[in-house]
Amino acid sequence: MCCDIGALKKKAMDLYSIYQKFRSEKSCHEHLKKVRWPNGVICPFCEGKSIHHRKDDSRMKCKSCNSSFSSTSKTIFHSTKLPLLKWFAAISVIISAKKGISSLQLARTINVNKNTAWYLQMRLRKAMKEEQYLKGLIEIDETYIGGNLANMSHKRKQKVNPFKSGMVHKTPVLGLLERKGPVMLKVLNHASAKTIRPLLKQSIDASSKVVTDGFGAYYGIGNYFEKHVKLNHEKEQRAWARYNTSSLEGFFSTIKRAIIGQYHKVTEHHLQSYMDEISFKKNNPEEDVFELLIFKCLNPCAIY
Ligand SMILES: [Zn+2]
């Protein structure tokens, strides 16, 4: 993939614009071709550049390895039975729903059945997955999502003591937020130094200053970074205007509202993919990230 992502970000592509711009499957394929191979088609099997373009359909044939392929081969759209126009419509609807959209609502909006809508959402969330490397002033905090015993895995359910309240029946999510930069959300099996420290080391540059609360799992992380500011009291958060975790806490509230409002039944198993969608939208807040998501769907790595 060699095209410049920045150059692909264009202005809003709402549903009306999608149906106006892409009037046939062929025009969708042509668009994917342009985004995937801006400098001319390359065979996805042998990287050969000598390609025969068929006139009657959207398929192409590599003259070097004799493989037949299309603009969707080896991508998230590979072997899809759904028209590409429906995919484009789904992308447009999902990215414009700032607070998320349920699969039932998506099904009604683009006129597919609910299983297809759910499948589309899961595939697109896979493409939205982004790895971040953060640097500078980093807020670190964890939140706990869930609470509905019916949505819990059997293993976790066994640990729940119905006579005790606490966080054991919720799933911990670690949030890392670079001030004026991207955010990263990681679902954890349990929140402890053992699960949190390796994530911090691999995702945050050693020259960074990190801000956390007084949770025990963060003790000693100052050894890995330039500075570790530990906030023990709410008072301290207000007193130290520069060092606080309020941006991340605000973001956590947005997530909880999205979960309650749209994704009523989030299972532990799928929680990370919901987090990927939420952070993708937060990290790419431009008017429209339609082309960016199309580009990411065409990345062969996204299907694995
Ligand atoms: Zn080839």
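Predicted model: local features only at pLDDT ≥ 70, side-chain atom pairs only at ≥ 80, totals over all residues.
Trainee: Which protein atoms are the donors of the zinc ion?
Mentor: The donors lie 2.2 to 2.4 Å from the zinc ion. Along the chain they follow the spacing C-x2-C-x15-C-x2-C. The atoms are the SG of Cys 43, Cys 46, Cys 62 and Cys 65.

Trainee: What is the geometry of the site of the zinc ion?
Mentor: There are 4 donor atoms, and the angles among them run from 102 to 113 degrees. Four donors are classed as tetrahedral if all angles lie between 85 and 135 degrees. The site is therefore tetrahedral.

Trainee: Where in the chain do Cys 46 and Cys 65 lie, and how many residues apart are they?
Mentor: Both are donors of the zinc ion, and the pair links distant parts of the chain. Cys 46 is in the loop between α3 and β1, while Cys 65 is in the loop between β2 and β3.

Trainee: Why is α4 called oblique to α12?
Mentor: The axes of α4 (residues 84-96) and α12 (residues 290-297) come within 10 Å and cross at roughly 125 degrees. Roughly perpendicular ends at 115 degrees and roughly antiparallel starts over 145, so an angle between these falls into the remaining class. That class is oblique.

Trainee: Which residues make the contact between α4 and α12, and what is the handedness of the crossing?
Mentor: From α4 come Phe 88, Ile 91, Ser 92 and Ile 95. From α12 come Phe 290, Leu 293, Ile 294 and Cys 297. The crossing is right-handed.

Trainee: How far apart in space are Glu 25 and Leu 85?
Mentor: Glu 25 is in helix α3 and is partly exposed at 33% relative accessibility. Leaving aside neighbours within four places in sequence, Glu 25 is in contact with Pro 83, Leu 84 and Leu 85. Glu 25 and Leu 85 are 60 residues apart in sequence, yet C-alpha to C-alpha the distance is 6.7 Å.

Trainee: Is Gln 132 buried or exposed?
Mentor: Gln 132 sits in the loop between α6 and β4. Beyond neighbours within four places in sequence, its contacts are Pro 182, Val 183, Met 184, Ser 203 and Asn 283. The relative accessible area of Gln 132 is 19%, and the limit for buried is under 20%. Gln 132 is therefore buried.

Notes
Residues numbered from 1 in each chain as written. Heavy atoms only, no water. Helix = DSSP H or I, 4+ residues; strand = E, 2+ residues; numbered from the N terminus. Buried < 20%, exposed > 50% of the residue type's maximum accessible area, 1.4 Å probe, protein only. Contact = heavy atoms within 4.5 Å. Donors = N, O, S within 2.8 Å, 3.2 Å for Na, K, Ca; no water. Tetrahedral: all angles 85-135°; square planar, octahedral: opposite > 155°, others 65-115°. Axes fitted to C-alpha atoms, helices over the stretch in contact; angles between N-to-C directions. Parallel < 35°, antiparallel > 145°, perpendicular 65-115°, else oblique. Left-handed = near helix turned anticlockwise from the far one by under 90°.
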